[in-house]
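My notes follow the order in which I looked things up.

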Amino acid sequence: MNNRISGALRSPIAFSVLAGVIIGALFLVGTGADPIAAYEAVLTGSLGADGIGSTLTTVTSVLGMALALAIPLRAGLINLGGDGQMVLGGITAAVTGLYSPLPAPLTVVLALLAGMAAGAAYAALAALCENRLGVPLLVSSLLLSYPAVSLASYLARYPLKEPGSSLPQTRSMPDGVALPAFGDSTVTVGLLLVVLAAAAYWFTDRRTTFGYEIRMTGLNARFSAYAGVERRGLTLKLMSVSGALAGLVGAIGVLSFPYRFVDGSLTAPGYTWTGLTAALLATAAPLGTVIASFFFAVLQVGGLAMERTTEVPRELTQVLQAIVIVFLAARLSFPRFTRRKVKEAV
Amino acid sequence: MTRRQAEPAVELRGITKRFPGTLANDAVDLTVRHGEIHALMGENGAGKSTLMSVLYGMERADAGTIRIDGRAIKSGFGSPSDAMAAGLGMVHQSFKLFDSLTVAENVVYAAEPRRFGLVDRAAARRRVRELAEEHGLAVDPDARVGDLPVGLRQRVEILKLLHRGARTLILDEPTAVLTPAEADALFAVLKSLAAQGRTVILVTHKLREVLEGSDNVTVLRDGRVVARLVTAETSADEIAAAMTGRAVELDRVHAPGTPADVVLAVNGLTTDAVHDLALTVRAGEIVGIAGVAGNGQSELVEALAGLRPTTAGRVTLNSEDITHASATERRVKGLAYVPEDRHAVGTAPAASVADNLAMGHHRTSLSSRGLLPPAAVRAHAQRLVERFGIKASSPEVPASALSGGNLQKLLIGRELAHDAPLLLVEQPTRGVDIGAIQNIHDQLIAYRDSGHAVLLVSAELSEIRGLADRVLVMYEGRVTATYTKDEADERTLGLAMAGGAGIAVEAVD
């Protein structure tokens, strides 16, 4: 146990976060602010009674997107099309919610499934572009993202636009077509779904043949190909799962407050990129991805609170994020350094 | 014949280099005079590469001194660029060239002739032409390097060194990938360079080319210098005895097996670099494939393993047609495979020893209904670690922490544990220390004797002769000769590998 704790402290992630916090404090001192008050504002603002609801809502989206990106990343595949898949999921869920003839509870389920299917199909298209046409996944997923976002934007501005409104948004979901919320907060069952997805990812990663093959492919793709893991099939499966999760995040966004598809509201907070950062930070490990997502959600929400109470601009929390990432990126060169030292010591 | 200068071109004194678990260089002295071709010989793992890495600034020695032209280099070169600045130049076994750039661009890279701060392309081409003419290294400066055959790429490497003014050239196993004719051309070039007063250090384990091409020989064994010979006064036997020493036992020829039914039958197989190839391997038999690297052996094995598409022909495994089966299907039908490159293909170095040992077993014995219990993976790893004597502090350490020999034991143990009727093995002991070599050879023989078929590809003639019941020689993608265990002596095989058994008789004089 003791070993575990000291191991965790020496782990590069803990080190990077600590370094980020310290350098962030120096920044704060430099601008004449009180770093302790500022950090306190971040914590109370995000984890205190007033902020926790907002944080958990943010966690829902950030963790959802982080999982969507972590799952292919575990096999060394990078899905840069999260925005497009999420927005397609959102608009599909909105259309389903508005036009489904089913009773409201079933419509909610259907809308979630439709959103996931749309995201999955779109991500699968990116995978097919790589498998069949040789377009690198990085490129195909990213470029396919733009038309999807534009299509959703068009739909929200023209055919599906709420009559009489000046905003680019669809009509509000019919009564009852919404994810059940906890109490009177904005936190919905969506959080539960995303946490379940994280648990399923953890289980698959640790305890299944499929998870093992994903991990080995990520560590050495030629090794897994040599042992008979079929890469194209794997790419297609992982991208479909990834897209389904992104679609789920979009659908949850539409089926929670504001209960409609608003053009830009899904992409503007940058969940895709925060999620990608969280996944990279955790090298796509399941538990680490959850922790990193929570960490970034706290920074995002707490940064706003800090700006309100201490007048330190919330951009500081972005600086903090950036420092953590830079340190983690540098870690890639640390192992070599230590190994050489070991050699010299022998 | 050579311009003699007072100080030696390269003088190494007492170079000692220790890696965890091995003493790679033990107080090695090496003196190379100006204008000579000096062969540095030794078997795999004798310490040749380490010594050259120390000389070239890629590794730092634990002890010893380096002098270049009599000038002491304090604590060795810090990097290859320091070594280059002092007039050294090295051609690595795997070339360091940009395939998509032209010959001229490659040659002048990092030392470009400049004009108004820009690369002067015309000057670069002119320079390459001059150098090529001066040294008899004919090559088109405008050709794309990726389009050139291996022999010409090597010339580009040499031109690169000459362009940077290297006075001492180090060539690491330069003929491993060359055809005999290309090798002859290379030696002609080296001799003319030496005649101009440049110095050549030739790292190799091939006797023939040392005898034909060098002035002096230094032989390393187990990290120590065991002989310093003048080529003109020595013989192949003397060098071989010095190289192998106690390793003579390595040349132990195992008793032949008792072949039974055909397990692998290949007919008219054609794929990249392999043409219309036929062979059979029986149960209880090791069939060895000998050949100079690059004559289609790797492609053949990859095709058999299902990693490279077969364009024509038929392959059967226990009478079942597997010509177009995927790698997975082949494994299910009874094929195990030890690939040549254990770091890039055979293992995931960053994964744990346990995870590496599970590969291939993870779908069969270790899993049930898609689940892979970590306890089963651990227990499996423990079993194999014990059975094959893999030295790992725990199954949880990353495979990259293992020594080369132990990593190879892991790989071979994992594949043997499949108990597959057919085992494909490529270069099973390349870069493996002597103790591990014997262990691996014994394992392969035991596997054969328990009634399995083994197809062995090796560049080590001694290995082929020691293990194989039949030897096939591959040359330019075809099997050009087949020998029984008794017929396959070093001379016969060497001749056949150089193309002497087939069409290109005139290549061997």
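Where is the place of Gly223(B)? I found Gly223(B) in the loop between strand S11 (216-221) and strand S12 (224-230) of chain B. I keep in mind that this is a predicted model.

**Entry: Gly223(B).** I checked the surroundings of this glycine next. Gly223(B) has 23 other C-beta atoms within 10 Å. The cut-off for buried is 20 or more, so Gly223(B) counts as buried. I then looked for contacts, leaving out residues up to four places away in sequence. Gly223(B) touches Leu23(B), Ala24(B), Asn25(B), Asp26(B) and Gly47(B). I noted one pair in particular. Gly223(B) and Asn25(B) are 198 residues apart in sequence, yet their C-alpha atoms are 4.2 Å apart in space.

**Entry: chain B as a whole.** Chain B holds 17 helices and 22 strands. Its C-alpha atoms fill a box of roughly 70 × 55 × 50 Å along the principal axes. I compared the radius of gyration with the globule rule. A compact globule of 509 residues would have a value near 23 Å, and chain B has 24 Å, so the two agree. Of the 509 residues, 49% count as buried. I also looked at contacts between residues at least 6 apart in sequence. Of these contacts in chain B, 66% join residues at least 24 apart.

**Entry: helix H9 of chain B.** I picked out helix H9 (residues 297-305) of chain B, which is mostly covered. Eight of its nine residues are buried. Among them are Glu299(B), Leu300(B), Val301(B) and Glu302(B). After H9(B) comes Gly306(B), with a positive phi near 90°.

**Entry: where the chains meet.** I turned to the contact between the two chains. Chain B gives 28 residues and chain A gives 18. On the side of chain B, strand S1 (10-19), helix H10 (327-334), helix H11 (342-346) and helix H12 (353-358) each give two or more residues. I sorted this side of chain B by class: 16 nonpolar, eight polar and four charged residues.

**Entry: a helix pair in chain A.** How do helix H4 (residues 52-73) and helix H11 (residues 231-255) of chain A cross? I found that their axes come within 8 Å and cross at roughly 170°. Angles over 145 degrees count as roughly antiparallel, so H4(A) and H11(A) are roughly antiparallel to each other. The contact includes Gly64(A) and Leu67(A) of H4(A), and Ser242(A) and Leu245(A) of H11(A). I counted classes here too: 14 nonpolar, five polar and no charged residues.

Methods
Residues numbered from 1 in each chain as written. Chains lettered and ligands numbered in written order. Predicted model: local features only at pLDDT ≥ 70, side-chain atom pairs only at ≥ 80, totals over all residues. Axes fitted to C-alpha atoms, helices over the stretch in contact; angles between N-to-C directions. Helix = DSSP H or I, 4+ residues; strand = E, 2+ residues; numbered from the N terminus. Parallel < 35°, antiparallel > 145°, perpendicular 65-115°, else oblique. Contact = placed C-beta atoms within 7 Å. Nonpolar A, V, L, I, M, F, W, Y, C, P; charged D, E, K, R; others polar. Buried ≥ 20, exposed ≤ 12 C-beta atoms within 10 Å, placed from the backbone. Rg over C-alpha atoms; globule rule 2.2 N^0.38 Å.
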